[in-house]
Amino acid sequence: MKRQVYICEVGPRDGLQNAKHMMPTAAKKAWIAALAAAGLEEIEVGSFVPPKLIPAMADTGEVVAFARTLPNVKVVALAPNLKGFQRALEAGAHKVTFPVSASRQHSESNVRMTPEQMVEEVRKCAQYPHPGVELEGAVSTAFGCTLQGAVPEDDVVRIAVALAEFCDAVALADTVGYANPAQVKRLFRRVKGEIGAKLEGAHFHNTRGLGLANALAAYDEGVRNFDSSMGGLGGCPFAPGASGNVITEDLVFMFESMGVPTGINLEALFKARVILSNAIPDEPIYGHTPLAGLPKGFRAAA
Ligand SMILES: [Zn+2]
């Protein structure tokens with residue numbers, strides 16, 4: 001069966017980075033192995049940020065090295081700067097994602113750089129030797145920002161165009177869950193008009209329950225690469241009770257029931273979810289499909 005959409009599980013990075021509870025390294029490995037066994041061929045396993053800043057990501061080097069031993073898994077890590085990129089290369093990541101915030105205020109408070117300075121930091125990384133390693137530039141807060149509010153679409157387009165010069169792929173990220181489907185269609189269409197096939201990924205948060213609707217809107221615009229996290233892990237410190245990323249289980253169910261193969265086995269995915277909830281039992285996890293179960297007579301896409 002040939003997959004027609006490509007789902008990157010970002011729970012071990014985006015989810016755990018924003019979770020209240022720390023997951024021990026051994027549990028991370030078991031969870032990642034179960035995700036791979038369910039058919040997730042791309043997993044963002046951690047982030048090379050200073051461990052003092054985000055203690056939950058301190059073991060990323062070890063986790064990357066472990067994930068590399070799993071067959072058929074593209075191991076993705078996030079890096080905010082050249083130093084993080086060098087650590088990612090040393091650990092053996094197959095792909096490195098660089099977040100560049102389109103919101104000036106978010107960028108300055110998050111990485112203490114303007115968006116333009118951050119683009120230059122990614123350019124430095126692209127110029128650093130990285131044989132065989134893919135670079136993705138992710139335009140974060142592309143649909144709005146908790147600090148700045150509205151983010152001008154012109155700013156998003158300008159950053160995407162700059163990143164497309166030296167990155168293998170560009171993604172648009174709704175970091176704080178502000179996006180709506182009409183906005184998603186408009187912005188993806190506009191950026192695609194500028195950088196064509198380099199526009200690859202969509203990263204949505206489910207903060208206001210629109211994660212799936214936004215993913216479908218992006219799909220309708222031709223997007224085939226989606227980030228999501230198991231159980232919607234992560235949440236948002238600004239929105240109590242809100243889940244984190246679009247929920248992997250529900251996203252897979254949506255596509256499979258539409259007849260769009262994901263290459264992911266839902267029953268195996270539910271088993272990985274048990275490993276997750278046993279590892280951090282006090283962390284809230286979400287998802288409609290795992291709670292309701294698969295519909296009677298459900299057949300995966302073929
Ligand atoms: Zn995110």
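Trainee: Hi! Quick one to start: where is Pro50 found?

Mentor: Pro50 is in the loop between β2 (42-47) and α3. Helices (H or I, at least four residues) and strands (E, at least two) are DSSP runs, numbered from the N terminus. One caution before we go on: this is a predicted model, in which local features need pLDDT of at least 70, side-chain atom pairs count only at pLDDT 80 or more, and totals for chains, interfaces and linings use all residues. Residues are numbered from 1 along each chain as its sequence is written, and side-chain values use heavy atoms, with hydrogens and water left out.

Trainee: Got it. What does Pro50 count as, going by relative accessibility?

Mentor: Partly exposed, at 41% relative accessibility. The scheme calls a residue buried under 20% relative accessible area, exposed over 50%, and partly exposed in between (1.4 Å probe, protein chains only). Pro50 and Pro80 are 30 residues apart in sequence, with 9.7 Å between their C-alpha atoms.

Trainee: Let's go to the metal. Which protein donors does the zinc ion have?

Mentor: Asp14 through OD, and His203 and His205 through NE2, lying 2.0 to 2.1 Å from the zinc ion. Donors here are N, O and S atoms within 2.8 Å of the metal (3.2 Å for Na, K and Ca), and water is not among the atoms, so sites may look incomplete.

Trainee: And what spacing do the donors follow along the chain?

Mentor: D-x188-H-x1-H. Asp14 belongs to helix α1 (residues 11-18) and His205 to the loop between β7 (199-204) and α9 (211-220), so this pair ties together parts that are 191 residues apart in sequence.

Trainee: Is Asp14 buried or exposed? And His205, buried or exposed?

Mentor: Asp14 is buried, with a relative accessible area of 5%. His205 is buried as well, with 7%.

Trainee: Zooming out, how many helices and strands are in the protein chain?

Mentor: Twelve helices and eight strands. The radius of gyration is 18 Å, close to the 19 Å that the globule rule gives for 302 residues, so the protein chain is as compact as a globular protein of that length. That radius is taken over C-alpha atoms, and the rule is 2.2 Å times the number of residues to the power 0.38. Along its principal axes, the C-alpha trace spans about 50 × 40 × 40 Å.

Trainee: What share of the 302 residues is buried?

Mentor: 57% of them. As for contacts (heavy atoms within 4.5 Å), take those between residues at least 6 apart in sequence: 74% join residues at least 24 apart.

Trainee: What about charges: how far apart are the mean positions of the positive and negative ones?

Mentor: The 29 positive and 31 negative charges have mean positions 1 Å apart. Lys and Arg count as positive and Asp and Glu as negative, while His and the chain ends are not counted. Each charge is placed at NZ of Lys, CZ of Arg, CG of Asp or CD of Glu.

Trainee: Backbone check now. What is phi of Asn72 near, and of Thr141?

Mentor: Asn72 has a phi near 60°, positive in a residue other than glycine. Thr141, also not a glycine, has a positive phi near 45°. Asn72 lies in the loop between α3 (60-67) and β3 (74-78) and is exposed, with a relative accessible area of 63%. Thr141 lies in the loop between β5 (134-140) and α7 (153-164) and counts as buried, at 0%.

Trainee: Where is Phe143 placed, and what is Phe143 in contact with?

Mentor: Phe143 is in the loop between β5 and α7, and is buried with a relative accessible area of 4%. Leaving aside neighbours within four places in sequence, the contacts of Phe143 include Leu172, Tyr178, Gln183, Leu187 and Phe204. Phe143 and Gln183 are 40 residues apart along the chain, and their C-alpha atoms are separated by 7.6 Å.

Trainee: Last one: which residues of helix α4 are buried?

Mentor: In α4 (residues 82-91), they are Leu82, Gly84, Phe85, Ala88 and Ala91. Their cover includes α3, β4 (95-101), α6 (115-127) and β5. After α4 comes Gly92, with a positive phi near 100°.
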